[in-house]
Every structure is written in C-alpha cells, then in structure tokens.
Amino acid sequence: MPRWTRSTALSIPVSAIYAALFVLPLAVLGMESIRTFEPGYVGSRPGAALTAENYLALSSGAFVDTLLTTFRIGVLASLAGVALALPLAFLCARSLRANLTRYLLVLFILLMFLGVLVRTYALELMLGSVGPLRPLLLALGVSPNGRDYIEVCVGAGLLHYIIPLSVLTLIPVIRAIDPRLMESAMSLGASRTMAHATVTLPLSARGLLAAFLLSMTFSISAFVIPMILGRGRVNFVSSLVYTRFSEIANYPSGAAIALATLAISLAVVAGLSALVRRWTRARIH
C-alpha cells in the first residue's frame, strides 16, 4: 500500500472524530443562530422561521461595549503577559544552573494545573473590596469598587494563566536560537539590550506571536475569571453567551453571539499572522 494511502487511511478515524466533536456542533450552532426565538421555548421552537435578526441585534451598544471590553482587557493582558514571560523563558532556556531551570519549569507547570476557581477566589480575597489591600488602596485614593480597579483585577486574574502558558511556549523558541548570534552582535559593539532587540526578538517573532495568540484566545474566552473578579461590573462576551443559554434559554441569540465572536477572533488571528509574516520576510530580504 502506498505511503500516502496508508496516511490517508489512518487519518480517517481522527478526521471523523474531529468532525463529530467540532465541525458538527458548529454547524448546529450556526443553524440555531438563524432561527427565530419565541419566549416560552427552550431554544428555537421546531420549524421556527429563519431570520438574520439575531446577528443584526449584535449592533446594539450593549453588545459592542461588552465586545470591546473583552478584547481590550484580553489584548492588554496578553501583551503584558508575553512581555513578562519573555525574560523568564530566556532565563529557563539559557540558565547555566540546571536546578534553577528544573525548579522554574516545575513551578510553571504546577501553575498551569492549579484550578482556575481556586486561584480566582484567592485573588478575590487578596484584591477584593474587603481584602488586605483595602487600606493601602484607600490611602492612595483608589476605590476598590471602581471600574478601573476592577478591570485591573480581571487582568491580574488572566495573567495567572497567561504568564506560565507564554513561558512554556517561548522556552523551545529561545532554545532554538543559536547563542553565538548574540555573542557575535555583542562582539561587534552592540550592547546586550541592543543585541536582544536586533537578534532575539526578530528570531523569536513567530514564537511571540504564537504565545500572544494562545494568551488572547484564553483571555477572550475566559468565563470564571471575569465573572468572579468582574463583580458584575466588568462583563466579557462569555457572560453574555452564558446568560442567553442558561438564564433566558435564548439559544439563537447565544449562538449568534458565540459565532460572531469566533469570526472576529479568527479575523484578528489571520491579520496578526499576516503582519508578522510580512515583517519577517521584509527583515530577511
């Protein structure tokens, strides 16, 4: 049997499982999103008329504000997380102390396995309006119940996952860079900072993009973190989807919100990937 035939035959079960668990639910979600919702039914009633109203309703100010809040906090937290993770990943990848590298890796892996509910409530106890930081916040003139502070708390909750995820993503990227390139740049008179800016950052651009996109994907789809730390004042799109599906049983509206967010996320991913690809090619040529 030819090699390509064997590969195709082996991929059929995986493709079938993937289609059953991902493509088919998305298709069902898409069909539900164009159905008319009638109060009193759980989801759309059988034989409901097709409509685009569920998508047209997304132009409302409430949804747009929630979408912008989701992406604004998610993007800022992802940028901050990747920026903080890069030196940590460099330390793990280039450290001459094997024990330090081992302990750091264990720490970041343990952080990934720590339950999101546990860490979120721990942050709420520390950063909340009745936490130990309250006297300091009041002394600085910061309201623990102010929206800006609550947004910072949500961002801090996202960083708990973003930093370990980004570090583990960037370590193999840093290790793949030949350290002699840095040494060559420094031998030609570049400072360590300039050598990192002209060697490490360009060569790790794709890895940085991957870490950012993974972080942003987690951030904009987070549910527990904004629900607890947001205290009902900072809502993410995931909260809207949950409300539509679980509280008012408006499945068509929830499906439309979910698919619209997915489409916007894919557009952002495609746009950023294209920009980094063009930037990398420009530097090579």
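Colleague: Which helix gives the most to the lining of the second largest pocket?

Modeller: α10 does, with four residues. This is a predicted model: local features need pLDDT of at least 70, side-chain atom pairs count only at pLDDT 80 or more, and totals for chains, interfaces and linings use all residues. Residues are numbered from 1 along each chain as its sequence is written, and side-chain values use heavy atoms, with hydrogens and water left out.

Colleague: What counts as a pocket?

Modeller: On a 1 Å grid over the protein atoms alone, where a 1.4 Å probe fits, a pocket is an open set of points with protein on both sides within 12 Å along at least five of seven lines. Lining residues have an atom within 4 Å of a point.

Colleague: Which residues line the second largest pocket?

Modeller: Among them are L79, L208, F212 and W279. By class, the lining has ten nonpolar, no polar and no charged residues. Ala, Val, Leu, Ile, Met, Phe, Trp, Tyr, Cys and Pro count as nonpolar, Asp, Glu, Lys and Arg as charged, and the others, Gly among them, as polar.

Colleague: Switching over, what volume does the largest pocket have?

Modeller: About 280 Å³. That is the space filled by probe spheres set on the grid points.

Colleague: And which helix gives the most to the lining there?

Modeller: α13, with five residues. α1 (3-33) and α12 (237-247) each supply at least two.
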